[in-house]
Amino acid sequence: MKYPRALDDLLESFRKYPGVGKKTAERYALHTVTKFSEEEIDEIIGSFQRIKTEIFDCPICGNITDQNPCYICKDDSRDKSKIIVVEESKDIIVMEKMNSYHGLYHVLKGAISPSNGVGPEDINLSSLMERLKDDKIKEVILATNLSNEGETTALYIRRILEGSGIFVTRIAHGIPAGANIEYADEVTLSKALEGRREF
Amino acid sequence: MKVKNLNLSNFRLYETFKISFNDHINIIKGNNGQGKTTILESLYFLGLTKSHKTNNDKDVIKNNTQYAKINSLINFNKKDSQLSVVISKTGKKAKYNQIELSKLSEYIGILNVVMFAPEDIELIKGNPQLRRRFLDLEIGQISKKYLFNLQNYRKILKERNNLLKSMQQKQVKDFILLDIITDQLLGYLDDIVKTRKDFLNKIAKIAILKYQEISKSNDQLQIKYIPSIDKNYKTEFLSKYQYDIITGSTSYGIHKDDVEFYLNDKPAKAHCSQGEIRSIVLSIKLALIDFIKSIKGDFPILLLDDVLSELDEIRQNQLLKNININTQVFITTTNIKEINLAKINNYKIFEINNGQIKECIKDEPNL
Ligand SMILES: [Zn+2]
């Protein structure tokens, strides 16, 4: 069966979401058409439009926000001597859930990967350098992903901060908390050993 | 390790195929083109998630079908386990006791496989790529760390080559990034070179003895690892930065390694007869069996694809003598008479005809 044009367009829009395949997109689209009231559809359209007009990147840290600057950059009670550098805004949400870090953040909006056409100039790096001119900042904590791209990015930032007097650290990787050593695979274990600390 | 049974669906010519194997020797006889090799290919795929015949996995999917499936009950460490591999047009997935493993590297090596096929003489005579493939497949089936390093090396090599190409067009070149990606590459390279060296040393030590047994001689077989680079990595790489940018590719690295074989100090490629080359390859395969046994505590399965009949009687007997009674073996042949059955006990013979298989009764006079 062929769907009406508008339904087909909606289906294609849903397919743009990560993890949504053809079948799921079809279900969402049909659900929208058959189960939602006109008010509900207006509500959804309204939320999408508000995202376009109200949400933007914080000019200081790059985090998504609806106020300038974002609630973290604005918060005077935060420790302004530390910056955690992450790849995406969603990483901040995870970090904030820890409830144990009270410093600042910086969102790179990507990671360096020449094979994906992303160089150092294509991520939000120059604004980080600009922020680091502030003497108050003593430590940069590199929390990019532990993938090859994340590692390239972290190493790159470390290199350009050499001699700046800023203390550069990298999040550790290894055995998950509460895990038993005997169940860790050999690769994880050797990474954990590499990153061992004085005790 | 024992493969107790094998179920294929849509694997090459087989729409469905079922067979239960003997614990020791399995002889599969049949004319050419009847699907003998395909059975060995599927066993190889079951263990290593690759074909020995093709680099394109999709080739094994039966025409006009969506996916091929290999399902098997194996016995390892006195325990039965279910293995399955599904090959579709978009990729392949492996299951261990019905649980899908997120990474193939977690699966490879559960069932260890050593194969000896006619085309294996190319290991000596063919291009270096085949020898690197040999290293990666064989080390990969015993070391997850090696697979991990290899996978990352390939990813970073791709990043590096892309960076080099993009640097060609830039007025101001970012040497910091090149330096960092080079360091990342070297981190994996060092480990891979050491592992390859160590592996070949160990194999060489066993293979020299195997060769003397098979050939009943005192001939000296030597296996030499020729790494494209094995010291002063950073200095060597640095000296090629400009050259690498011009060519847009990486001059040194494990993707340029090679292995050389010598018999009595003479290069095997140029000086050895066909028979000698076959014996060298056979010695290496037998050495692999012992080596895998020493690491995994059990023998890999051995696949002999149409090679027994190509060996003379002495070599054939030496090979059969070398096979431990606890090793499961799969032999294909067009002519059963060329196999010295008197030297084997505990075997089953299967006959294959146009994709149909049946077990032969041993007393049949026309065997
Ligand atoms: Zn902010």
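**View 1. Polar contacts and salt bridges link chain B to chain A.** Across the interface of chain B and chain A, eight residue pairs are in polar contact, with both residues at pLDDT 80 or more; a polar contact is a pair of N or O atoms within 3.5 Å, where within protein one must be able to donate a hydrogen and the other to accept it, and residues adjacent in sequence count only if both atoms are side-chain atoms. Helix 5 and helix 6 (175–215) of chain B are the elements that give two or more residues to the side of chain B that touches chain A, and helix 5 of chain B provides the largest share, ten residues. Helices (H or I, at least four residues) and strands (E, at least two) are DSSP runs, numbered from the N terminus. Three salt bridges are counted between the two chains, each being a side-chain nitrogen of Lys or Arg within 4 Å of a carboxyl oxygen of Asp or Glu; one of them joins the side chains of Arg159(A) and Asp183(B), at 3.7 Å from N to O.

This is a predicted model, in which local features need pLDDT of at least 70 and side-chain atom pairs count only at pLDDT 80 or more, while totals for chains, interfaces and linings use all residues. Residues are numbered from 1 along each chain as its sequence is written, chains are lettered from A and ligands numbered from 1 in the order in which they are written, and side-chain values use heavy atoms, with hydrogens and water left out.

**View 2. A zinc ion is held by four cysteines of chain A.** The SG atoms of Cys58(A), Cys61(A), Cys70(A) and Cys73(A) coordinate the zinc ion at 2.2 to 2.4 Å, donors being N, O and S atoms within 2.8 Å of the metal (3.2 Å for Na, K and Ca). The angles among the four donor atoms are 103 to 116°, and the site is tetrahedral, a term that requires all angles to lie between 85 and 135 degrees. Cys58(A) lies in the loop between strand 1 (56–57) and strand 2 (64–65) of chain A, and Cys70(A) in the loop between strand 2 and helix 4 (71–74), so the pair ties together parts that are twelve residues apart in sequence.

**View 3. Asn149(B) sits in helix 5 (residues 144–168) of chain B.** Asn149(B) is buried, with a relative accessible area of 6%, where buried means under 20% (1.4 Å probe, protein chains only). Leaving aside residues up to four places away in sequence, Asn149(B) touches Tyr188(B), Asp191(B) and Ile192(B), contact meaning heavy atoms within 4.5 Å.

Key. Four donors count as tetrahedral if all angles lie between 85 and 135 degrees; four count as square planar and six as octahedral if opposite donors are over 155 degrees apart and all others between 65 and 115; anything else is irregular. Buried means under 20% relative accessible area, exposed over 50%, partly exposed in between (1.4 Å probe, protein chains only).
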